[in-house]
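Here is a short report on one protein chain. Keep the sequence and the 3D view side by side as you read.

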Amino acid sequence: AITELRNSASQTSDDHPDRNRLLSNLGVALDNRYNILGDIRDLESAVELLSKAVSFTPVGHPYRSAVVHRLGVAVLHRFIRLRSPADLDFAINSFVEAASFTPPGHPARPERLADVGMAV
């Protein structure tokens, strides 16, 4: 799956409307693989790809809160591994942003609010 996602992402132009989703899905897949195998290179790639996905997702876009949340999760995993306080701060801020743009009644809102509380 990671190979196919990489191929799709590499063949999709920066102005394609689904570029953010492809980068986000690839980032999440690499973060998941990191959680299974523990290879820090997967985690670093996940953070890089998810950061790019956020940059391709403007404020107000309906998918932005999900992408920001996914980036926060990957950066929190990096904090757990490397213990950089800056990563923890970044993850908390990402969770706060994601929760603030997730409207009441949205099925992901409880998880996003819980992640804010867990990270703090």
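Start with E44. This residue is partly exposed, because its relative accessible area is 32%, and partly exposed covers the values between buried (under 20%) and exposed (over 50%), found with a 1.4 Å probe on protein chains only. The model is a predicted one, in which local features need pLDDT of at least 70, side-chain atom pairs count only at pLDDT 80 or more, and totals for chains, interfaces and linings use all residues. Residues are numbered from 1 along each chain as its sequence is written, and side-chain values use heavy atoms, with hydrogens and water left out.

**Around E44**

E44 sits in helix α3, residues 40–55. Helices here are DSSP runs of H or I with at least four residues, strands are runs of E with at least two, and both are numbered from the N terminus. Which residues does E44 contact, leaving aside neighbours within four places in sequence? They are R78 and L82, where contact means heavy atoms within 4.5 Å. E44 and L30 are 14 residues apart in sequence, and their C-alpha atoms are 8.9 Å apart in space.

**The whole chain**

Now step back. The protein chain has 6 helices and 0 strands. Along the sequence, the pattern reads α-α-α-α-α-α. The C-alpha atoms fill a box of roughly 40 × 30 × 20 Å, taken along the principal axes. How does the radius of gyration compare with that of a compact globule? For 120 residues, such a globule would have a radius near 14 Å, and the protein chain agrees with 14 Å. That radius is taken over C-alpha atoms, and the globule rule is 2.2 Å times the number of residues to the power 0.38.

Of the 120 residues, 43% count as buried. Take the contacts with a separation of 6 or more: 49% of them join residues 24 or more positions apart.

**Two helices side by side**

The expected span is 1.5 Å times one less than the number of residues in the helix.

| Helix | Number of residues | Span, first to last C-alpha | Expected span |
|---|---|---|---|
| α2 (residues 19–37) | 19 residues | 27 Å | 27 Å |
| α3 | 16 residues | 23 Å | 22 Å |

Both spans are close to the expected values. The buried residues of α2 include L22, L23, L26, A29, L30 and Y34. They pack against α1 (2–10), α3 and α4 (64–82). After α2 comes G38, with a positive phi near 80°.

In α3, the buried residues are D42, L43, A46, V47, L49, L50, A53 and V54. Their cover includes α2 and α4. An α-helix has 3.6 residues a turn, so residues three or four places apart point the same way.

N20 lies in α2. Is N20 buried or exposed? N20 counts as buried because its relative accessible area is 2%. Not counting residues up to four places away in sequence, N20 touches A53, F56, T57, H61 and Y63.

**The nonpolar core**

The largest nonpolar core has 31 residues, and L26, L30, L71 and F95 touch the most other members. Such a core is a set of buried Ala, Val, Leu, Ile, Met, Phe, Trp, Tyr and Cys residues joined through side-chain atoms within 4.5 Å. At least two residues of this core come from each of α1, α2, α3, α4, α5 and α6 (109–119). Which helix gives the most? It is α4, with 8 residues. L26 touches I2, L5, R6, A9 and L49, again setting aside residues up to four places away in sequence.

**Rings and a loop**

R21 lies over the face of Y63, at 4.2 Å from the ring centre. R83 lies over the face of F79, at 5.3 Å from the ring centre. A charge sits over a ring if NZ of Lys or CZ of Arg is within 6 Å of the ring centre and within 35 degrees of the ring normal.

R83 is in the loop between α4 and α5. R83 counts as exposed because its relative accessibility is 54%. Its phi is positive, about 65°, although R83 is not a glycine. Most residues other than glycine have a negative phi.

**Last stop: V96**

V96 is in helix α5, residues 85–100. At 41% relative accessibility, V96 is partly exposed. V96 and R64 are 32 residues apart along the chain, and their C-alpha atoms are separated by 13 Å.
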